Amino acid sequence: MTNQATYGASKHLTGLWLGELVHFYDRAVAAGHTVDVVSPAGGEVPLDPRSLGRLFADRTVRNYRADPAFMTSLKSTASVADADPDDYSTIFFTGGHGTMWDFPDNAGLRGTAEAVYAGGGIVSSVCHGACALINLRDADGNPLVRNRTVTGFATVEERLAGVKSRVPFLLEDELRAKGAKYVRSTIPMTPHAVRDGRLITGQNPVSTKAVSDLILAALAETE
């Protein structure tokens, strides 16, 4: 999860899109998995205010917001660099626009994710969490997303969200530039998730449940 609370140096607030965490977390825990929450720098994970509004905060989001222990855990996360990749079968990158600033170039994030994948684990993301995939490399030094089918927040969705002028790059363009076979739903802001082997991605916030189901299905194959 991101540590970035604003759109760059501007006053406009962003952060973690809370539903993208809790919808995955809820499904994973219910399936018997242990989930650790980490961030690039460690410490507090800010919440995108828009993700807490009535339009997006469904019952699952409200329930987790009302859980003091869970919410406290978001104020003191461990750094992803301190995670032992051998302990994990999956790394899941949540979104929120903050990830565009602290995911792509974080060395600890890259090292952990590449080690999880090299060890046979799953690398996954939803929405802007795919910013973490841009600079990942495979064992041969090639972009991990090259010739792989992936998705993430689409350019048309940046326009619809009214923030295209605030973002430092367009995620769709960056993924394509790395050689990815980028795909998206025909209708923006509708659920869309894809699996390409051990690389699993979801397009936007409402895709979290779909991408979570693909991750859990992939994990079940290894049990």
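## Strand S4 and its partners

Strand S4 is joined by four bridges to strand S8 (residues 199–202), and the two run parallel; helices (H or I, at least four residues) and strands (E, at least two) are DSSP runs, numbered from the N terminus, and two strands pair if DSSP finds at least two bridges between them. The model is predicted, and local features need pLDDT of at least 70, side-chain atom pairs count only at pLDDT 80 or more, and totals for chains, interfaces and linings use all residues. Residues are numbered from 1 along each chain as its sequence is written, and side-chain values use heavy atoms, with hydrogens and water left out.

The four strands form an open sheet in the order S3-S4-S8-S7, with mixed pairing. Its edge strands are S3 and strand S7 (193–196), each of which pairs on one side only. From one strand to the next the twist averages 10°, where axes are lines fitted to C-alpha atoms, for helices over the stretch in contact, and angles run from 0 to 180 degrees between N-to-C directions.

## The two faces of S4

In a regular strand the side chains alternate between the two faces of the sheet. In S4 (residues 122–126), Ile 122, Ser 124 and Val 126 point one way, whereas Val 123 and Ser 125 point the other way. Five of the five residues of S4 are buried, meaning under 20% relative accessible area, with exposed over 50% and partly exposed in between (1.4 Å probe, protein chains only).

## Nonpolar cores

The largest nonpolar core has 43 residues, and those with the most contacts inside it are Phe 93, Val 123, Leu 133, Leu 171 and Leu 175; such a core is a set of buried Ala, Val, Leu, Ile, Met, Phe, Trp, Tyr and Cys residues joined through side-chain atoms within 4.5 Å. Among the elements that each supply at least two residues of this core are S3, S4, S8 and helix H8 (208–221), and H8 gives the most, with five residues. Apart from this core lies another, of 14 residues, among them Val 22, Val 45, Ala 57 and Leu 74.
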